[in-house]
Amino acid sequence: MFEFSIENWGLVISVLIPLLVGLVTKVSASPAVKSLALIVANALNALAMQAIDDQGFVTETSFRAFVTGLVVSVAVYYG
C-alpha cells in the first residue's frame with residue numbers, strides 16, 4: 001500500500017502555496033511582494049517539515065526540501 005510520508009505532504013503543500021499567495025496578496029501587490037511571499041512560505045514549509053520529522057532545522061534535508069518545494073511552487077504558479 002502507498003504510504004504518504006512527510007516529504008510527500010511537503011510537495012502537496014508546495015502545490016497549494018501559490019494559491020495561498022495569490023489569495024493573500026490579491027491583484028494589487030507587486031510581483032516582487034508575491035515572489036517574496038512565495039519564497040518565505042516555502043522556507044516555512046521546509047522548516048515545518050523538518051520540525052515534524054524531528055531532524056533539526058538547518059540540515060541538508062531541509063535545504064533540499066526548500067529547493068524542491070520552491071521549484072514545484074514556481075512551476076505551479078507560472079505553469
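Reader: Which helix gives the largest share of the nonpolar patch?
Author: Helix 1, residues 6–25, gives the largest share, with five residues. Keep in mind that this is a predicted model.

Reader: Which residues form the nonpolar patch on the surface?
Author: The patch is formed by Phe4, Trp9, Val12, Val15, Leu16, Leu19 and Val76. Together they have about 620 Å² of accessible area.

Reader: What makes these residues a patch?
Author: A patch residue needs over 30% relative accessible area and no salt bridge, and nonpolar side chains are joined within 5 Å. Tryptophan 9 shows the first step: its relative accessibility is 47%, and the cut-off is over 30%.

Reader: Why is tryptophan 9 called partly exposed?
Author: Buried means under 20%, exposed means over 50%, and partly exposed lies in between. Tryptophan 9 has 47% relative accessibility, so the residue counts as partly exposed. Tryptophan 9 lies in helix 1.

Reader: How many helices and strands does the chain have?
Author: Three helices and zero strands. From the N terminus, the order is α-α-α.

Reader: What share of the residues counts as buried?
Author: Of 79 residues, 27% count as buried. The cut-off is under 20% relative accessible area.

Reader: What is the accessible surface of the chain, and what share belongs to carbon and sulfur atoms?
Author: The surface comes to about 5,400 Å². Carbon and sulfur atoms hold 73% of that.

Reader: What share of the contacts with a separation of 6 or more joins residues 24 or more positions apart?
Author: That share is 57%. The C-alpha atoms fill a box of roughly 40 × 30 × 15 Å along the principal axes.

Key: Residues numbered from 1 in each chain as written. Predicted model: local features only at pLDDT ≥ 70, side-chain atom pairs only at ≥ 80, totals over all residues. Heavy atoms only, no water. Helix = DSSP H or I, 4+ residues; strand = E, 2+ residues; numbered from the N terminus. Buried < 20%, exposed > 50% of the residue type's maximum accessible area, 1.4 Å probe, protein only. Contact = heavy atoms within 4.5 Å. Areas by Shrake-Rupley, 256 points an atom, 1.4 Å probe, with all protein chains shown as cover. Patch = residues over 30% accessible without salt bridge, like charges linked within 9 Å, V, L, I, M, F, W, Y side chains within 5 Å. Salt bridge = Lys/Arg side-chain N within 4 Å of Asp/Glu carboxyl O.
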